Amino acid sequence: STVVNTLGTEIRVIDAGAARYSPVLPWLRLLGVRDLVGNNLEFTRSTHHGSVRFEPGDITRTHYRDEWFDAITCMSVIEHGVPLESFAAESARLLKPGGLLVVSTDYDQAPPDTTGKTAYGVPVKIFGPGDMERFVAAAAEHGLSLLGDLRLEHTERPVHWARTGLDYTFIRLAFVKS
């Protein structure tokens, strides 16, 4: 709802790395947003689900026009091998001035050892403070300013991924394009 509260409902939104089961686009649709796109490498063809278009594509190199989107969401995707510099550059290219980028990812202030652990065909990555500081800096280099403070400390690890035996948390970052 950060996107809708800030930009309204007459906007164009892409969910980068979208999954068909993700609640992000349906939630935005319920809030009144009608121009919604889900983009993912795993999609083999374009399909529609109500007013949501699901399209195949790489979130670091899309076919969309410059400044086409008012907002980009990217929930629990970048930890799956996405090159952060390329993602920041492409997000900045796609966003209109004043547009929002909202990202969540696996995070821990003291990341557990993930050596030898894989998921979705890539090594498991849980970002640490340095990773997030570098991502925020890369985003800034492309005209994306962090909204609020970068708070990297936490007291709990609410996520237990049984398949990997890992405990960690998440971080959500929001940026605005200048």
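In strand S4 (residues 52-56), Glu55 is the bridge partner of Asn39. S2 and S4 pair in the parallel sense over 5 bridges; two strands pair if DSSP finds at least two bridges between them. Helices (H or I, at least four residues) and strands (E, at least two) are DSSP runs, numbered from the N terminus. This is a predicted model, in which local features need pLDDT of at least 70, side-chain atom pairs count only at pLDDT 80 or more, and totals for chains, interfaces and linings use all residues. Residues are numbered from 1 along each chain as its sequence is written, and side-chain values use heavy atoms, with hydrogens and water left out.

**Strand S2 and its partners**
- Buried means under 20% relative accessible area, exposed over 50%, and partly exposed in between (1.4 Å probe, protein chains only).
- S2 also runs parallel to strand S1 (residues 12-16), joined by 5 bridges.
- Asp35 of S2 stands opposite Arg12.
- A right-handed β-α-β unit is made by S1, helix H2 (residues 24-30) and S2.
- Right-handed here means that, with the strands pointing away from the viewer, the path from the first strand over the helix to the second runs clockwise.

**Helices H3 and H4**
- Helix H3 (residues 84-94) packs on helix H4 (residues 129-141) at an angle of about 35°, and their axes are 9 Å apart.
- Axes are lines fitted to C-alpha atoms, for helices over the stretch in contact, and angles run from 0 to 180 degrees between N-to-C directions.
- H3 and H4 cross in the right-handed sense: the near helix is turned clockwise from the far one by less than a right angle.
- From H3, Leu84, Glu85, Phe87 and Ala88 meet Phe135, Ala138, Ala139 and Glu141 of H4; contact means heavy atoms within 4.5 Å.
- This H3-H4 contact has 6 nonpolar, no polar and 2 charged residues.
- Ala, Val, Leu, Ile, Met, Phe, Trp, Tyr, Cys and Pro count as nonpolar, Asp, Glu, Lys and Arg as charged, and the others, Gly among them, as polar.
- The buried residues of H3 include Glu90, Ser91 and Leu94.
- Elements that the buried residues of H3 pack against include S1, strand S5 (69-75) and H4.

- Ser76 is not a glycine, yet its phi is positive, about 55°.
- The loop between S5 and H3 holds Ser76, which counts as partly exposed at 29% relative accessibility.
- Tyr120 also has a positive phi, near 55°.
- Tyr120 sits in the loop between strand S7 (118-119) and strand S8 (122-123) and is exposed, at 58% relative accessible area.
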